Amino acid sequence: MSINAIKGFNDLLPSDSARWQFIEATARTVFTAFGFEEIRVPIVEKTELFSRSIGDTTDIVEKEMYSFSDKGGNALTLRPEGTAGVMRAFIEHKLHVQDAVTKLYYMGPMFRHERPQKGRYRQFHQIGAEVVGVHGPLVDAHVLVMIAQLFTALGLDEPTLQINSLGCPDCRPRYREQLIAHLSDRRSELCEDCNRRIDTNPLRALDCKVPGCQEATSHAPAMIDHLCATCSDHFTTVRSYLDATATPYQINPRMVRGLDYYTRTTFEVVTGLLGAQSAVAAGGRYDGLVRQLGGPDAPGIGFAMGVERVALLLEQRQFQSVPALFIAVMGDAARIAAFQMMTQLQKQGIRVELDYEGKSLKSQMRRADKLAARYSLVLGDDELVSNTIQLKRMDDGSQQSLRFDATTIADALTGGAGL
Ligand code: ATP
Ligand code: MG
């Protein structure tokens, strides 16, 4: 009996990998232009890192973590998100000593035990970025402009950027009390989880995906109306910088994030095309996190984008590479000459395919069609004697007679294909 992959854990097949490579390459290009450098951290960390940073009463820590003890009895967890590990590394390697501002990006798999559905998996991938060391609102705006640019560079203009402020340890507790009062009056309309959240994590009730809860909280007080003067100024200034750079955004006063460490500016990039899986990227400011993890008192801000969801949005677009040339061969002498030609062209970066094992001419041409090769040529004894081939354009069947010579053919392929 064959063994299948675990539910919610997906293979990325060659038919999809070019799209993922496009997403990753686009992110690297944009991040590099904005001054971010890559960091790669382990996939497994001590469980305590996540419970201390993400928060014990969040859905992630309560229900979604892949935690286990290893053979030495250590409590370990497959990372459910990237920020905690990146901040752990930031502190451990004292990156703040090298520069007062640290700009990092990462990409890789994350693990959450959720109910798998379209756009929601148990192993999924995030591309994220973090800035540590800046209190001022200019950096919030800079990160938001970078996210907007990332989506523009991906060619996605449908998702919208939504922003909110979650206040700070000065103003949030007072708001929290008001929200608790509002929710307590509506206990019977709220789901079981939200009833529990009233006591543990009331802001999360605003983010509940159960329609009854959304209805019941539709007139709940909003954090944004209860910000202290400092948080209010910060938010207004972030908005003015976004306006100054013509960065489109909406304010979403109901947006809360599923992780406890967020303060002040939070944001999501939201699509209407993926049902309940509407967030394609999300993040915010986390001014207390680094200190909470035992590091310096350094503020931070960052976000993560869900690669699977972005890939779904790009599903209609074609990213797979096609061969520039397919060489069909007739006879062993031709096969050696074709092999030499193929390798010379490949060393110049031109994708060429040929028949490896002496199939019929008809079946070779079928393969050229299947691979969607742009050009083909047939090489047999006659062509070798005359040193001349017919280069055929596959889309319209037009042919040109050329010398069987790598430079000549390379010129024809790259010129003709517009590479
Ligand atoms: P959601 O509300 O959809 O559960 P989230 O608030 O849990 O998302 P974050 O923790 O902010 O998500 O993660 C950032 C991004 O990672 C999300 O916006 C989403 O695109 C992606 N993401 C999160 N969980 C999953 C998952 N289980 N499968 C695929 N992508 C995910
Ligand atoms: Mg979630």
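**Exercise 1. Find which strands each supply at least two residues of the shell around ligand 1.**

Solution. β6 (123-132), β10 (279-285) and β11 (300-306) each do so; strands here are DSSP runs of E, at least two residues, and helices are runs of H or I, at least four residues, numbered from the N terminus. β10 gives the largest share, four residues. In total, 17 residues surround ligand 1, a residue being near if one of its heavy atoms lies within 4 Å. R112, E114, R120, R257 and A279 are the closest.

This is a predicted model, where local features need pLDDT of at least 70 and side-chain atom pairs pLDDT 80 or more, while totals for chains, interfaces and linings use all residues. Residues are numbered from 1 along each chain as its sequence is written, chains are lettered from A and ligands numbered from 1 in the order written, and side-chain values use heavy atoms, without hydrogens and water.

**Exercise 2. List polar contacts of ligand 1 (pairs of N or O atoms within 3.5 Å).**

Solution. Start with the side chain of K209: a polar atom there lies 2.9 Å from a ligand oxygen. Next, take the backbone: a polar atom of A279 is 2.8 Å from an oxygen of ligand 1, and for V280 a backbone N or O atom lies 3.3 Å from one.

**Exercise 3. Give the strand order of the open sheet and name its edges.**

Solution. The eight strands run β1-β5-β6-β11-β10-β9-β7-β8, with mixed pairing; strands pair if DSSP finds at least two bridges between them. The edges, pairing on one side only, are β1 (37-38) and β8 (250-251). β1 runs parallel to β5 (102-111), joined by two bridges; E38 has Y105 in β5 as its bridge partner.

Key
A polar contact is a pair of N or O atoms within 3.5 Å; within protein, one must be able to donate a hydrogen and the other to accept it, and residues adjacent in sequence count only if both atoms are side-chain atoms.
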